[in-house]
Each structure stands twice: as C-alpha cells, then as structure tokens.
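I opened the model in the viewer and kept notes as I went. The entries follow.

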Amino acid sequence: MSTPDVLDLLVEQKDIISEAEEVTNRMLDAPAEELPELIALRGRLLEKAVEAEERIRKAAQGDKRLLEAADCSCEISELAEEHIGVFEAALRVKAAVNRICRLETDVLNRLNSEKEMALTKIEALNKSGNSVAANYKQAVQTGYPQDTFPQRSRAL
C-alpha cells in the first residue's frame, strides 16, 4: 500500500484511541452501575485499535522507511517529505495512548474503591437482624417452636 493509505489508517486508529480515551475518562466519574458497560466498551475499542495497528503494519510492509515512520522509530529529520505526515500522525496516536496509560492507575483505584464499597454493603446486610442468612441461622439454631406441633392427648 502507499503512504496515503497508511496515513488514513493512522487517522482511523487515532479516532478509535480518542474514543477509548473518552470512555476511560468517563470511567473516573460515571455511576457504579455504568462501569461494567464502560469497561466492555473500552475493551472493544482497544481491540479495534490493535486491529488497526495490524492493518497499518500490513500496509507499510515492504517499505522500511514507511514502517519506521509509522512506528516513530526513527528521527523525523531522516524521513522523506512524504513520510513526515505518517510520523506526525503516529506520534498523535502514541500521545493519546500515553494519556490513557497515565489514567490506568486512577481507573484501577476507582474500580477497587467501588468493589470495597460493595463488599462493605454486603457484609452490613449479612450482619443485620433482618437478613436472610440471619433468619436461617436463627431457625436452624433454635429449631421449631414448641407450639408448632402441639402434644395430643392419648387418652381414649
């Protein structure tokens, strides 16, 4: 493929990564109920980004300088004019990926915090006197009340 094809694929990849970045930012502030949906959406977007990367590599195959430009693995001053745009587009993709990576710790902390809050609520519910587990435990420990099966007189 040609340089314009690789450039188009990089723009597509940048759009996907930007959307994944937006979803990652939303994960920091979204209600807990929305987190599973956001996690799934982000995963799908990152899979698309990986597929786009594979298409870029395939498109640049056979042109070493184009592949280096798409990887940002060379100096921009060493590139021909036609490859500079590819290098700059690849740099924008890498910058967006870097921003997502910097948010990972905050997202993980948020998920762990939500997990801890959910566990605390579950423990509190299980300890309350009205919980199903408490009622079952009480029934098993005390058995049936004495008046449940009244003694019948055997007198004839």
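**Ground rules.** This is a predicted model, so I noted its limits: local features need pLDDT of at least 70, side-chain atom pairs count only at pLDDT 80 or more, and totals for chains, interfaces and linings use all residues. Residues are numbered from 1 along each chain as its sequence is written, and side-chain values use heavy atoms, with hydrogens and water left out.

**Fold.** I took helices (H or I, at least four residues) and strands (E, at least two) as DSSP runs, numbered from the N terminus. I found five helices and zero strands. The order from the N terminus is α-α-α-α-α.

**Helix pairs.** Two packed helices are described by the angle between their axes and the distance between the axes. Here, axes are lines fitted to C-alpha atoms, for helices over the stretch in contact, and angles run from 0 to 180 degrees between N-to-C directions. I looked up α1 (residues 3-29) against α2 (residues 35-60): the angle is about 165°, and the axes are 9 Å apart. That makes α1 roughly antiparallel to α2. The cut-offs are under 35 degrees for roughly parallel, over 145 for roughly antiparallel, 65 to 115 for roughly perpendicular, and oblique for the rest.

The crossing of α1 and α2 is left-handed. The term left-handed applies if the near helix is turned anticlockwise from the far one by less than a right angle; clockwise gives right-handed. I sorted the contact of α1 with α2 by class: 19 nonpolar, two polar and seven charged residues. Nonpolar covers Ala, Val, Leu, Ile, Met, Phe, Trp, Tyr, Cys and Pro; charged covers Asp, Glu, Lys and Arg; the others, Gly among them, are polar.

Next I took α2 and α4, which pack at about 150° with axes 13 Å apart. That makes α2 roughly antiparallel to α4. α2 passes α4 in a left-handed crossing.

**Pocket.** A pocket is an open set of points on a 1 Å grid over the protein atoms alone, where a 1.4 Å probe fits, with protein on both sides within 12 Å along at least five of seven lines; lining residues have an atom within 4 Å of a point. The largest pocket has a volume of about 220 Å³. That volume is the space filled by probe spheres set on the points, with grid points joined across faces, edges and corners. I listed 17 lining residues, of which Gln 13, Ile 17, Glu 53, Val 93 and Val 97 lie nearest the centre. The elements giving two or more residues to this lining are α1, α2, α3 (64-71) and α4 (81-127). The lining divides into 12 nonpolar, one polar and four charged residues.

**Single residues.** I checked Val 93 in helix α4. Val 93 counts as buried, at 6% relative accessibility. Its C-alpha is 7.1 Å from that of Ile 17, 76 residues away along the chain.

Asn 25 sits in helix α1 and is partly exposed at 34%. Asn 25 and Glu 104 are 79 residues apart in sequence, yet 9.9 Å apart C-alpha to C-alpha.

Glu 37 lies in helix α2. At 60% relative accessibility, Glu 37 counts as exposed.

Last, I looked at Cys 72, in the loop between α3 and α4. Phi of Cys 72 is near 55°, a positive value in a residue other than glycine. Most residues other than glycine have a negative phi.

Definitions and conventions
Buried < 20%, exposed > 50% of the residue type's maximum accessible area, 1.4 Å probe, protein only.
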